[in-house]
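Open the model in your viewer and keep the selection tool ready. This tour goes stop by stop.

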Amino acid sequence: MTAVDGRSVDPLRPPAPPTGRRRVGPGVVLSVGFAAFLALACFAPGLIAPQDPAAVAPLDAFSPPSFSHWFGTDESGRDVYTRVVHGAGSSLVIGFAATAIGLVTALLLGVLAVFGGRIGDAIVGRAVEVLFAFPALLSALLVILVLGPGPVAATIAVGLSTAPGYARIIRTSLLTVRSSGYVEAARLLGHGPARILVRTILPNALSPLLALATLGVGQAVVWASSLSFLGLGAQPPAPEWGAMLASARVYLTTAWWLTVFPGLMIVATTLSATAIGRALDARGRRAR
């Protein structure tokens with residue numbers, strides 16, 4: 001024992017973590033608030049945009065932003081604000097579903113690589129390297145070429161395109177946890193391989209993926225919107241952000257609001273997901 005400022009300190013004991021709470025930055029607060037707005041737009045869009053997103057009013061076509069139409073109207077007189085709000089549901093559903101597909105596929109590949117022996121690790125390693133040789137968007141286009149265009153095909157394409165990156169991270173995390181002391185203790189206690197994998201390795205290896213998945217949602221929304229813009233995802237007149245941009249690109253010089261507001265929603269969604277994901281990652285690092 002040693003004395004520091006009149007207090008006894010055990011040199012073998014790690015220092016206690018700081019007791020003060022870390023202040024949450026304004027960017028994270030704004031991101032959480034915007035995420036709450038998006039959640040409301042997904043589950044109850046009628047509360048914040050009660051109009052029909054498909055209702056046309058030819059006499060109000062190309063009306064600029066005003067108190068009656070916050071985001072203006074499009075070439076058919078449809079309210080752009082209403083369409084942007086109702087489009088949040090389809091855009092985010094694709095983003096979350098694609099992220100889930102990517103994580104599940106990556107988890108299967110990671111488990112096969114770590115617990116499939118040298119052969120399994122070699123097969124997964126070569127497959128991931130081949131997939132990494134193609135740009136992610138090009139891989140998504142190849143999947144859509146096989147499945148055909150549409151929102152379901154776009155979701156699967158984006159999910160499979162993100163899987164290689166997740167697979168590398170999951171494989172590294174599984175290898176780290178597998179060699180840890182508490183896994184060895186579980187073996188000494190007589191636990192079987194399946195129980196160790198399900199109850200010990202996976203919960204500890206996958207806990208850092210929450211932040212990664214949050215970051216992936218924003219990326220998936222951008223890619224899904226890109227595919228819709230190219231006419232390979234949701235099709236006009238569906239109120240989806242990428243499809244709205246595709247329909248409005250011919251009016252870019254005459255009706256700027258048709259592209260600005262859907263584009264701002266894509267950017268704001270990506271930024272908020274990135275801010276929340278980084279905050280979760282920083283918090284997880286401090287906890288570990």
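A contact here means heavy atoms within 4.5 Å. Helices (H or I, at least four residues) and strands (E, at least two) are DSSP runs, numbered from the N terminus. Buried means under 20% relative accessible area and exposed over 50%, with partly exposed in between (1.4 Å probe, protein chains only).

This is a predicted model: local features need pLDDT of at least 70, side-chain atom pairs count only at pLDDT 80 or more, and totals for chains, interfaces and linings use all residues. Residues are numbered from 1 along each chain as its sequence is written, and side-chain values use heavy atoms, leaving out hydrogens and water.

**Whole chain.** Show the cartoon. The protein chain has 11 helices and two strands. Of its 288 residues, 38% are buried.

**Colour by confidence.** pLDDT is the predictor's confidence in each residue, from 0 to 100. The chain averages 82, and 90% of the residues score at least 70. Now select residues 1-6: pLDDT is below 50 there, and the stretch has nine contacts beyond near neighbours in sequence. Next, select residues 8-17. Here pLDDT stays under 50 too, with eight contacts beyond four places in sequence.

**Helix α4.** Select residues 117-132. At 1.5 Å times one less than the number of residues, these 16 residues should span 22 Å, and the end C-alpha atoms are 22 Å apart, which agrees. Which residues of α4 are buried? They are G120, V124, G125 and V128. They cover an arc of only 125° around the axis, so they sit on the same side of α4. That arc is taken from the directions from the helix axis to the C-beta atoms. The buried residues pack against α3 (80-115) and α6 (151-178). Turn to the face away from the buried side: R118, I119 and I123 are exposed there.

**The largest core.** A nonpolar core is a set of buried Ala, Val, Leu, Ile, Met, Phe, Trp, Tyr and Cys residues joined through side-chain atoms within 4.5 Å. The largest has 23 residues; select L38, V80, V84 and W241, which have the most contacts inside it. α1 (26-43), α3, α9 (209-229), α10 (241-248) and α11 (257-287) each supply at least two residues of this core. α3 gives the most, with six.

**W241.** Centre on W241. Not counting residues up to four places away in sequence, W241 touches partners including L38, V84, V221, P262 and M265.
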